[in-house]
Structure formats: C-alpha cells, structure tokens
Amino acid sequence: MSSGLAILAVDDEPRALTDIKRLLETSASVERVATATSAKEALVYLSGGRYDALFLDVAMPEIEGMALARLLRRFADPPAVVFLTGHPDAAVEAFEVQALDFLVKPVTRERLDAALRRVESHVAGADGRSVPAAIDGAADGNAAAPDVVAVDNPRGGGKRLVRVETISFAQASGDYARIVCDDGRFLLRTPLTQLEKDWAPAGFARVHRAYLVNLTHAVELRAQTNGTAVLVMRDGTEVPVARRGVAALRRRLHA
C-alpha cells in the first residue's frame, strides 16, 4: 500500500501550476502529483483514480474552484480540498464547502507543509474537524501560523477576513476572543488558549490571562509600581502584563 499522498493540483495559470507542482513534488509526504488546468479536466482525473487531496485554485474560467468543491461534496468519498488563491477574501466561502485549508499565493514551503500535515491527518482519520487552518487556526504545534482568520463583524453581521499580521492583540471573552486590528474590533469564535498555540509562530505571546499580544506591534514595556507592567502598542493602547511574565517578556523584547 502506498505510504505517500496522491495530490491533484488544479490551476488555470501555467506558471502558478508549475510552482505548486514543484513544491508538492519536493515534499517528503507526497508520492504522486497530477495537474489539471480546469475544473473539467480535474473531474476527468477524479473519475479515473483516487486522490487524497485537491490543491485547487479559486478563480478559474467556466467552473470556478468553489463550484468544483461544492460538486465534490456529492462524491461518496471525496478528496480533501486545499484552496489556492491570490485573493484572501475568498476564504469566507471555504466555510461553506468544508475545505481543509486555504493558502494565499505565493505559497511558502512552511504553509504548504502545514497544509500537507492536515491532509495526512485527514486521510488517517485523526482530524475530526473540516475547516480551513488558515481561518480556524493551525492543526498542531508544528504548523505554520494562519495567514488570515474569519471574524464576526459585531456591527454589520456576517464574516470578514482579517490578516493575522494586522492584529494587535486579542482579549479573552469567555469561549471567544475579541480581536483588535488595523481595521477595527471583531469577535473570533476561538478561545484565547487555542489562539495562543496557533499564533505563536506569528510572534504572539500570552502576556496576561486575558490578553494575547502581537509583539511586532509593541513599542514599549512600561513598568508599574506594583511589579506588573503594561505593554504599549503602536496605536497607543496599553495592554496589562502579569507580574510573573514581566521579566521573561522584557528578555524576549530585547533579544
């Protein structure tokens, strides 16, 4: 029995297809890579053999990637879907089609490997969830930080995409987290303890039981008379730092 993954990469742009094929073929977990330049061609491949996952471009002529993903849900044993796109806003739709991951072009080796680990877990039956890692969070401690997250808009309702790098800090709110970023304040349906694990590779640190901070947005660690401190963010916001974490945070900021 084959121990490596069988992947079908689908993209109508020849250069992008060549790039993702090369990355996949040089991944230790991948045994076989086939390519298709359209959704119709992809369906021909799928009718003739089994694939563990589709690495699927979102924007394609005739039948778009989202439409193909919805069609695959009718299959008795569909392959996992990993979306590829240059337009992060399309990630919200990935919720509807239960994609396994969502990669923003140009795809890095780190993010590709994280997606392949999710595919391996999915194939092995170890991943009970079916939501994009780039939205929901990384699958394990070794995965790369997500590129984008889908947050709830408390004013207008619905979902919107926020790039993780633009998030200044997250504040615990029960089982949810309140996100403060360049575009405003939003609600993320993920507890702070999970975000702490998922966002660590992106430079986030838990400075207080109620706060997770993007250290790349911090400009000053200001000591307080009671032994605690506040971390001043670049927008002027002051985030409390627990007494027990002050020394370690100071070392990290000056490393």
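This is a predicted model: local features need pLDDT of at least 70, side-chain atom pairs count only at pLDDT 80 or more; totals for chains, interfaces and linings use all residues.
**Notebook: a helix, its end, and the sheet**

I started at the end of α5, where G125 comes next with a positive phi, near 80°. My helices (H or I, at least four residues) and strands (E, at least two) are DSSP runs, numbered from the N terminus.

Residues are numbered from 1 along each chain as its sequence is written, and side-chain values use heavy atoms, with hydrogens and water left out.

Which of its residues are buried (under 20% relative accessible area, 1.4 Å probe, protein chains only)? I got R111, L112, A114, A115, L116, R118 and V119.

Next, the sheet. I found five strands in an open, parallel sheet, ordered β2-β1-β3-β4-β5; strands pair if DSSP finds at least two bridges between them. The edges are β2 (30-36) and β5 (101-104), each pairing on one side only. From one strand to the next, the twist averages 20°.

I then zoomed in on β4 (residues 80-85), which pairs with β5 in the parallel sense over four bridges. L84 has L103 in β5 as its bridge partner.

Last, I checked α3 (residues 65-72): it packs on the sheet, touching β3 and β4 (contact means heavy atoms within 4.5 Å). Its direction makes about 155° with that of β3, using lines fitted to C-alpha atoms, for helices over the stretch in contact, with angles from 0 to 180 degrees between N-to-C directions.

Definitions and conventions
Buried means under 20% relative accessible area, exposed over 50%, partly exposed in between (1.4 Å probe, protein chains only).
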